Amino acid sequence: MGSTLAQKTWDAHVVRHNSAGDDLLYIDLQLLHEVNTPQAFDRLRAAGRTVRRPDLTVGTEDHNTPTIAIDRIIKDPSGRRQAELMRSNCAQFGIPLHRLGDPGQGIVHVIAPELGLTRPGMTIVCCDSHTTTLGAFGALAFGIGASQVEHALATQTLSMRRMKDLAVNVTGELPAGVTAKDVILALIAKIGTAGGQGHIIEYRGDTITALSMEARMTLCNMSVEAGSRAGLIAPDETTFAYLKSRPGMPQGADWDAEVAYWKTLRTDADAVFDKEVHLDAATLSPYVSWGTNPGQSIPLDGHVPAHTDFEGEEERAAAERALEYMDLKPGTAMRDISIDTVFLGSCTNSRIEDLRAAADVLKGRRVADGLHMVIVPGSAQVRLQAVEEGLDRVFAEAGADFRAGAGCSMCAALNEDRLRPGERAASTNNRNFEGRQGKGSRTHIVSPPVAAATAVAGRLAAPADL
Ligand SMILES: CC(C)[C@H](C(=O)O)[C@@H](O)C(=O)O
Ligand code: SF4
């Protein structure tokens, strides 16, 4: 019996089979940001250890960084302290760090591909659950906790429990206006936020191969919202074309040899997945979340459900609580929900393609009176590219607030960008739990075109509604 891409990559990195289904894996790259890492460095120091491969370790600043200006001081004392520690720890252990203001700075999951750090067949870890994003390149990329960060820093290895394989097969052509974001929201609505638990997802099928790298990253990003520690896509010509011009890529014959290896990174025809799910792309439409977990999402054409629509006591109780928190009445058309703030950003949707998609909708239009649209680029490079393409002017003319600094911003509200209690946002991020975007905040997860159309309409809308 053949192997899946995930198992092949896993097997290629096993240093030792530990007991009870745990394997010690070699780690090709560890990425760091300022949250969750100070403890790991403290423990390294206390144990008198060094970082084994600082050359395979890269840091960035993203969660706490201000976006209003790139020379702004972090106001929040604990955020400022985290950033200071990130700088002193990276300096002490010789780890390259992309600080706010540097051309390579940005959200860790956005810069890692941009800077050519992510390649097919790698094992990548980072102190952040959305490391799943990098699976878009055919890498095994996991989010890890603080003690694992310490272990990986000290040894360049990590002990991990073997996971099962889940195939998500998506076939058919996506209707106009339907994006990778809608595919992943539809998937989570179908299988639930625990549907992928214990499994590595492989996204397969002609819909997936037709996606750009940016769209594949959006999809893999939210694997963790489906309960999976990792999600990946087999590398193909689209992957190679994205990688070719990235810094540090081999050239000439070395490039050809690398591509020849990458082409072997596929699931064998006779491999068997532990579980398979199928989505028909042609039946999808723009999806919007109504509740307080990403699984509580429905088509924009739909109506707010009643808690009695759900099966099982737990589901019903969760829906009841979500409806109350979100202040929504069952039966309300999703399109009738008024929005205060639109946030275009986060590691799910802050890449150049996302900004272009929003600009296409905003061009020649105005953001609705009283609505605030905040656009935060995922990286300094994305911002630069957007300015080169004149998207900044489109955003300014539409009355949107295109920020100078890159980072997580309003996705997690760890910097100054946050919603007020009761404020309702349409956000292109990936999480909508209670208080995610600020205490008492209400989040509807949407795609970039829906975010832009909503900003114009003042209520949840798709571009076709304008
Ligand atoms: C702060 C970080 C550990 C966290 C994560 O792991 O995902 C954050 O990025 C998030 O999205 O909630
Ligand atoms: S953008 Fe949001 S989801 Fe992504 S790493 Fe930052 S806080 Fe986490």
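This is a predicted model: local features need pLDDT of at least 70, side-chain atom pairs count only at pLDDT 80 or more; totals for chains, interfaces and linings use all residues.

**Ligand 1**

I started with ligand 1 and found Val35, Asn36, His63, Asp128, Ser129, His130, Gly143 and Ala412 around it. I count a residue as near a molecule if its C-beta atom, placed from the backbone, lies within 6 Å of it. By class, this shell has two nonpolar, five polar and one charged residues. For the classes, Ala, Val, Leu, Ile, Met, Phe, Trp, Tyr, Cys and Pro go down as nonpolar, Asp, Glu, Lys and Arg as charged, and the others, Gly among them, as polar.

Residues are numbered from 1 along each chain as its sequence is written, and chains are lettered from A and ligands numbered from 1 in the order in which they are written.

**Ligand 2**

Next I looked up ligand 2, which is surrounded by Asp62, His63, Ile107, Asp128, His130, Ser346, Cys347, Cys408, Cys411, Ala412, Asn429 and Asn430. I sorted that shell into five nonpolar, five polar and two charged residues. Which domains give it at least three residues each? Domain 1 (5-162) and domain 3 (287-465) do.

**Domains**

The domain assignment lists domain 1 (5-162), domain 2 (164-235 + 267-283) and domain 3 (287-465); such bounds come from an automatic or database assignment. I then checked domain 1 against domain 2: their C-alpha centres lie 25 Å apart. At this interface, 19 residues of domain 1 are in contact with 19 residues of domain 2, contact being C-beta atoms, placed from the backbone, within 7 Å. On the domain 1 side, α1 (5-12), α4 (108-114) and β7 (140-143) each give two or more residues. The largest share, four residues, comes from β7. Helices (H or I, at least four residues) and strands (E, at least two) are DSSP runs, numbered from the N terminus. I see 10 nonpolar, nine polar and no charged residues on that side of domain 1.

**Helix pair α2/α5**

Last, I took helix α2 (residues 38-46) and helix α5 (residues 146-155), whose axes come within 8 Å and cross at roughly 50°. That makes α2 oblique to α5. The contact uses Gln39, Ala40, Arg43 and Leu44 of α2, plus Ala146, Val149, Glu150, Leu153 and Ala154 of α5. I put these residues down as six nonpolar, one polar and two charged.

Definitions and conventions. Axes are lines fitted to C-alpha atoms, for helices over the stretch in contact, and angles run from 0 to 180 degrees between N-to-C directions. Angles under 35 degrees count as roughly parallel, over 145 as roughly antiparallel, 65 to 115 as roughly perpendicular and the rest as oblique. Two residues are in contact if their C-beta atoms, placed from the backbone, lie within 7 Å.
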